[in-house]
Amino acid sequence: MAAAERTVERVSQRWTGAVDILCDPGALRLLRAIGGNSPYLSELAIREFATLRTFLDLGPDATLRSILAGLDTTPTTQPRPAIAALLRQAKRKAALAIALADIGGLWTIEQVTETLTVLAEKTLGLAVRHLLRAAHDKGTIALTTPDHPDRNSGFVALGMGKLGGRELNYSSDIDLILIYDAAAAPFAQTEGIGSVTARLARDLIGLMDARDADGYVFRTDLRLRPDPSATPPAVSFLGALSYYESMGQNWERAAMIKARPVAGDLALGNRFLAAIRPFVWRRGLDFAAVADIHALKRRINAHRNTALSDKTDPVSRLLGYNVKLGEGGIRDIEFLIQTLQIVWGGRDPSLRLKSTMAAGERLVETGHLDASAFARLINAYRFFRMVEHRLQMINDRQTHELSGTPEGLAAVAIFLGFSDASAFAGALIRHIDVVRAHYRQVFESVPETAESAGDGPELDFRGDHPEPIETVAALKAMGFTDPIRVVAAVRRWLAGHVRALRSSRARDLMTLMVPQVLATLARQTQPDEAFSRFDRFIGALPTGVQPMSLFHRNPVLLERVAQVLGAAPILSEHLVRNPAALEGMLAGESAHDAQRMIQRLLRDTPRLEDVIQQVRRRVKERDFLISVATLDGQLDADAAGRERSALAHSALRVLLPRVLADFESRHGRVPGGELAVVVLGKAGSLEMMAGSDLDLMFIYDHPTDVTESDGARPMSPGQWFVRAVQACVGALTAPGVEGPMYALDMRLRPSGNKGPLAVSLSAFERYHQNGDAWTWERMALTRARVVAGPPALRARVKAAIRQALCRPREATQVRADAASMRARMAKELRPHGLWDVKHRQGGMVDVEFIAQVLQLIHVGAPAFHPDQAGKVALRRLADAGLMCGQDAETLIRADLLWRTVQGVLRLTVGQTGKDALPQASAEPLLKAAAKAGFQTIDSSSLLRKSDEMAQQVRYLFRHYIEGASA
């Protein structure tokens, strides 16, 4: 209390303002707070009493604006001592005003850290400008614009850590990487450029870091530069780039998340960060980075003994606790968020944010961090930063440690506004516990390996004996029938004889994972087949670190991959050809989110070829994931159909405007012209399966008075739209490493293959109004869905489709046409085998015909609605009394069985020509059939049940179509 009153008295003696400080309660409380708790701020208040007066008169915002403005307007040609004094004076004044705004609760913690960062940037900027101008005036370098020394100077300071993230603490160091471009004009003719830039760096440290009677500006640290023990203080652009591309480590990737240019040639800094973007943000999900970052944190913990005391008394537990590096402290929150950014930011550019808080908010928005967890973490973060600032305000020391004595802790508690040390300790420990819990969820969930578990089989692949007795016996006991082959393959892996395992890091991870990999593969129905496919998968990988780290941290992923390898040769081949598809198995978003995800990925993708490649990759990745989820029972036939159809719709919605924009840039446009995409078939009824074609129709419209396009070579609207649709078709079918995005079928457009690729809306309407459409074309329209194009045109096309369907037609004729068409199909498209549930009598086609024919006949009834799934249409027909309810349920049940069988067999055996299914393929089929309500003991029983169901469907086909049309 005595110290507080002495500060008040000494300040009031120098007070000459209009307001008597002793009569201002707020000012008194503020002065007593700093006087009683902070010798450093007390001295500042007395030394910089004019700043204190301005603060109390005008508030913190105006005070800081005045202080910082002087840094922008100071001539860079002033002598070095004058610049040094000015920088230090600005730091003192700003430090006092910021502390008062913080202690007085006038600013949030975000405003405090942002203003400290701005102060650092402006002082650093003035120092760099002065040094560059001084070097120019001496003739050491030749600036192109001496009055603006930093512009095109070829010298830039990158702010790292909290400076880069705009999160400086009260007595923070600033971490810098100094980069110069040897080819830039100021250095082009400079001899001994290394010594010139080194001197610039040393002088900058002197201006910012050296203490004199005026104090100091910011302690400055250059140790985050590439290989600091072997490189000069300023590093060349090419040298730094070469280092990160060849030797950069995961902790440096994490550090570079926050890097940004803060002084000097900012354009150069941005070019450098763009150049190393592939190093920092890798498209692959790299959970090895998680392990490396956590290992770094463990080393910090071991070096500094950051564990929280296990004493029961809260005050005793916190004595000497480090709020930055301590267990559950600031660094844990930063590591947690940075790690999630590293893992997911390569695939999602929106996560590449500098600020811890902003990055956390974006991780919540993208579903990678729980919202309630983040709210608790940020509350803890703000609390820790407030504690950190009070600790540093006491004596302007870069400290993060609480006092080691109860009396010292009590003093900090009072400074923070708590009644005593116990109240403060309780609040702090609650925040620590929250952070510890969430940190462990991310970093400390490494699955126990067979090596650590101690109860796995005895496997030793060392040495060169072709038949190691114990290992061969263990492999046989696990279920492998050819253990010698397994031993040879594993030795090949561990010796680095496959491309993916040439690095020591990859081999280390594989060595760790071998017992778990073999145990997982051994649980498959045919372990040797599963192992052979896994061996091929490993051989196809471009790198082994990422996949092995994925498996290491996600044992469920390994189980899913093993199931694919064991049961689904078709998917296995896809995985071998496209190892990146592995990442899709970890994706959390549904296909209904695909459009948003694809659009986010395409933000920085201007070229159409790159757009097509990105969308194709995303489609293939998601399609693979849907297939795997179907195979392991996570998605039934209905859910998989919806997901896969939504994915196709999203791809169309994203691609159409990009393709048209590219086409228009080269060929002009049809003024007022618009194009819509209609999907039919399974994509229209939301029942797409693996390998389904995409049935499409393109419909356009334009003002009647427009007769040609406005390009360099005018075309008629019809010709223009046909060529535009050809471009769309080309984008959808363009081949890639993983094959085309989709196989298209456009035979359902008016006049089929004889008609133009693009149909005008008026022509479509005339075609159906004049009675030119066949019954099968109208049947196809019952599943038409308008998915892409301008909203107004989509609505008009949808209305035209409904009008075409509602055109009166005799029910007898519709049934007769359908029966005749089905008879022709039965002759021309005979079933490939017993498992061909599509073309068999009473199969999928019969169910579809019944639903579509009844919809056409009863098109005016409330039950009718285009673009319905078959089961929805059947149920509505039954609800409207237009067919027997029991018959509808039989057809719905049969349709689900047919789609389940066909969907799973497409994933496993591919073709349905094999009557006897391999056991590995039969198991997922039986599992899926049981989930659909068809419980059987083996594939033969399922075939018998299918025969019974087909007979019921065939009977209903005759009843509703053939019999009724007779």
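**Close-up views of a predicted model**

The largest share of the lining of the largest cavity, five residues, is supplied by helix α42.

View 1. By residue type, the lining of the largest cavity divides into 10 nonpolar residues, five polar residues and six charged residues.

**View 2. Strand β2 and the antiparallel pairing with strand β1.** Strand β2, which runs over residues 174-180, is mostly covered, in that six of its seven residues are buried. With strand β1, which holds residues 155-159, strand β2 pairs in the antiparallel sense, and this pairing extends over five bridges. Within this view, Phe155 can be found standing opposite Tyr180 of β2.

**View 3. Strand β2 and the parallel pairings with strands β3 and β4.** Strand β3, made up of residues 220-221, pairs with β2 in the parallel sense over two bridges, and here Ile174 stands opposite Thr220 in β3. Strand β4, made up of residues 234-236, also pairs with β2 in the parallel sense, in this case over three bridges, and Ile179 is the residue that stands opposite Val235 in β4.

**View 4. Ser153 in the loop between α7 and β1.** Ser153 has its place in the loop that lies between helix α7 (109-138) and strand β1. Because its relative accessibility is 0%, Ser153 counts as buried, the cut-off for this term being under 20% relative accessible area. A polar atom of the side chain of Ser153 lies 3.1 Å from the backbone oxygen of Asp150. When its neighbours within four places in sequence are left aside, Ser153 is in contact with Leu132, Leu143, Pro186, Phe187, Gly264 and Asp265.

Conventions: Residues are numbered from 1 along each chain as its sequence is written. This is a predicted model: local features need pLDDT of at least 70, side-chain atom pairs count only at pLDDT 80 or more; totals for chains, interfaces and linings use all residues. Side-chain values use heavy atoms; hydrogens and water are left out. Buried means under 20% relative accessible area, exposed over 50%, partly exposed in between (1.4 Å probe, protein chains only). Helices (H or I, at least four residues) and strands (E, at least two) are DSSP runs, numbered from the N terminus. Two strands pair if DSSP finds at least two bridges between them. Ala, Val, Leu, Ile, Met, Phe, Trp, Tyr, Cys and Pro count as nonpolar, Asp, Glu, Lys and Arg as charged, and the others, Gly among them, as polar. A polar contact is a pair of N or O atoms within 3.5 Å; within protein, one must be able to donate a hydrogen and the other to accept it, and residues adjacent in sequence count only if both atoms are side-chain atoms. Contact means heavy atoms within 4.5 Å.
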